[in-house]
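Here are my notes on the model you asked me to look over.

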Amino acid sequence: MDRLLIRGGRPLEGSVRVSGAKNAALPIMCAALLTDQALELSNVPKLMDVRTMAKLLSQMGVEAGPLIDGRTSLRAAAAQNPEAPYELVKTMRASVLVLGPLLARCGRAKVSLPGGCAIGQRPVDQHIKGLQAMGARITVEHGYMIAAAERLRGAHIVMDLVTVTGTENLMMAAALAEGTTLLENAAREPEVIDLARCLTAMGARIEGAGTGTIRIEGVPSLAGAEHAVMPDRIETGTFLAAVAAAGGKVRLTGAAPETLEATLEKLREAGARIAVSGDVIEIEMAGRPQAASLRTEPYPGFATDMQAQLMALDTIASGTGVITETIFENRFMHALELQRLGADITIQGNTAVVKGVERLQGASVMATDLRASASLVIAGLIAQGETVIERIYHLDRGYEALEEKFGALGAKIERVK
Ligand code: EPZ
């Protein structure tokens, strides 16, 4: 298993380009199932999850071209094998995003229940409820969702809670349904908007993506299209949080600053100077950050995927930060690892109280999930001495060449086999 060795205590200086968004690329790759023509994608990040999704789609009969310089082409001439097996789904929950498109395109699907993961139980009841409202018959047998529908019908669906992939699954299914679908209490994340943009380019009729009410008018078929995946707002926020913690001056290019306003505001509160111009974000930080308190919320609130990174910053900030996680029931595992580095964190239910200490001390720690590993990288960058992070395959799922990018900013960070 690969490990990361980090020697902390250096400021970050230089410029780095942000990659395409993992959480936009994954649903957009599934949209290829909705047409028999080619979907040409660009700005696709080179990630393990993208490779896993390409493998899953290929097993269904989708021709998935190589990923070269962020470009790839997907063509589902016929989705002969509408199945998502457990051995793939258990490694990537986003596999559930093939369910809606398979039902819409070929009228049947057999998709393994994703099962839980480190951060929570992760049910998919809203995906199932919405598809049933559109006329799908779905039973759960031996850990698989068995779904069938001659032709999906438009429906008025009020989601019981805000779910990002639930909204995306239903939006894709509705694109080819008979009649109009109204999705209420829909997720407003930028990745939902990016998927809607891609579907619209394919000929879908969608209004209101990015608001809580999305209206989709079904069409008989969709065509191929070209689409550039939006920049990754969580990768962007991760780099910004690292500079706010470690100090220095960094320029991020190829970013979408308007998609991470809550994070920018929080980092300014912590004392970072952040300037935005077009797709460039410049951050400068000198001295010790102020502790930031936050509460994760669905977009446009503070992103749960940025919670672990801000906790790492708070460990060495002056003052006390109070962090409340409202989206997932078990998303504080990084706190236990940060404590090994000397952090003073008290967990009370879904709230963590982080008292800033002068310095963290390098130690061996273990990554437990994707964003937790990012928080450990930030902690390693600010700890005294050497930090070794085990199980960094979690990191490789969602960050493209992270150690190269941080290395280019002057960090002493090395991957060892
Ligand atoms: C997406 O996951 C992201 N993944 C997650 O990013 C992100 O943390 C999450 O949205 C919240 O923003 C992708 O987009 C591929 P949800 P998703 O459905 O869609 C509950 C990362 O690090 N829920 O919005 O699975 C659920 O348990 C990953 O890149 C139900 O109860 O999240 C959770 O508590 C981690 N029933 C809450 O809703 C359902 O049917 C929000 O989950 C669906 C969800």
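**Notes on the fold**

1. Let's start with a strand pair: E15 (residues 248–253) runs antiparallel to E17 (residues 280–285), with five bridges between them. Leu 252 sits opposite Ile 281 of E17. Strands here are DSSP E runs of at least two residues, helices are H or I runs of at least four, and both are numbered from the N terminus. Two strands count as paired if DSSP finds at least two bridges between them.

2. Before going further, a word on what you're looking at. This is a predicted model, in which local features need pLDDT of at least 70 and side-chain atom pairs count only at pLDDT 80 or more, while totals for chains, interfaces and linings use all residues. Residues are numbered from 1 along each chain as its sequence is written, and side-chain values use heavy atoms, with hydrogens and water left out.

3. Back to E17, which has another partner: E16 (residues 273–277) also pairs with E17 in the antiparallel sense, over five bridges. Arg 273 has Glu 284 as its bridge partner in E17. E16 and E17 make a hairpin with two residues between them, and Gly 278 in that turn has a positive phi of about 65 degrees.

4. Next, have a look at the open sheet of four strands, ordered E10-E11-E13-E12 with mixed pairing. E10 and E12 (205–207) are the edge strands with a single partner strand each, so one side of each has no neighbour in the sheet. From one strand to the next, the twist averages 15 degrees. (Axes are lines fitted to C-alpha atoms, for helices over the stretch in contact; angles run from 0 to 180 degrees between N-to-C directions.)

5. Within that sheet, E11 (residues 180–184) and E13 (residues 213–217) are antiparallel partners over five bridges, and Thr 180 has Glu 217 as its bridge partner in E13. Helix H6 (residues 164–175) packs on the sheet and touches E10, E11, E12 and E13, its direction making about 25 degrees with that of E13. Contact here means heavy atoms within 4.5 Å.

6. Which residues touch the most other members of the largest nonpolar core? They are Val 98 and Leu 199, in a core of 77 residues. Helix H1 (residues 22–31) gives the largest share, seven residues. A nonpolar core is a set of buried Ala, Val, Leu, Ile, Met, Phe, Trp, Tyr and Cys residues joined through side-chain atoms within 4.5 Å. Buried means under 20% relative accessible area, exposed over 50%, and partly exposed in between (1.4 Å probe, protein chains only).

7. Leaving aside residues up to four places away in sequence, Leu 199 touches Ala 31, Leu 34, Met 171, Met 172, Ala 204 and Ile 206. There is also a second, separate core of 67 residues, with Ala 245, Ala 312, Ala 363 and Phe 406 among its members.

8. On to charges: the whole structure has 21 salt bridges, each a side-chain nitrogen of Lys or Arg within 4 Å of a carboxyl oxygen of Asp or Glu. One of them joins Glu 386 to Arg 7, with the closest N and O atoms 3.7 Å apart. Glu 386 is in strand E25 (residues 386–390) and Arg 7 in strand E1 (residues 3–7), so this pair ties together parts 379 residues apart in sequence. Glu 386 is partly exposed at 36% relative accessible area, and Arg 7 is partly exposed at 45%.

9. Elsewhere, a network of salt bridges links Asp 2, Asp 396, Glu 403, Arg 415 and Lys 417.

10. Finally, the overall picture: the chain has 14 helices and 26 strands, and 57% of its 417 residues count as buried. Among contacts between residues at least 6 apart in sequence, 74% join residues at least 24 apart. Along the principal axes, the C-alpha atoms fill a box of roughly 65 × 40 × 40 Å.
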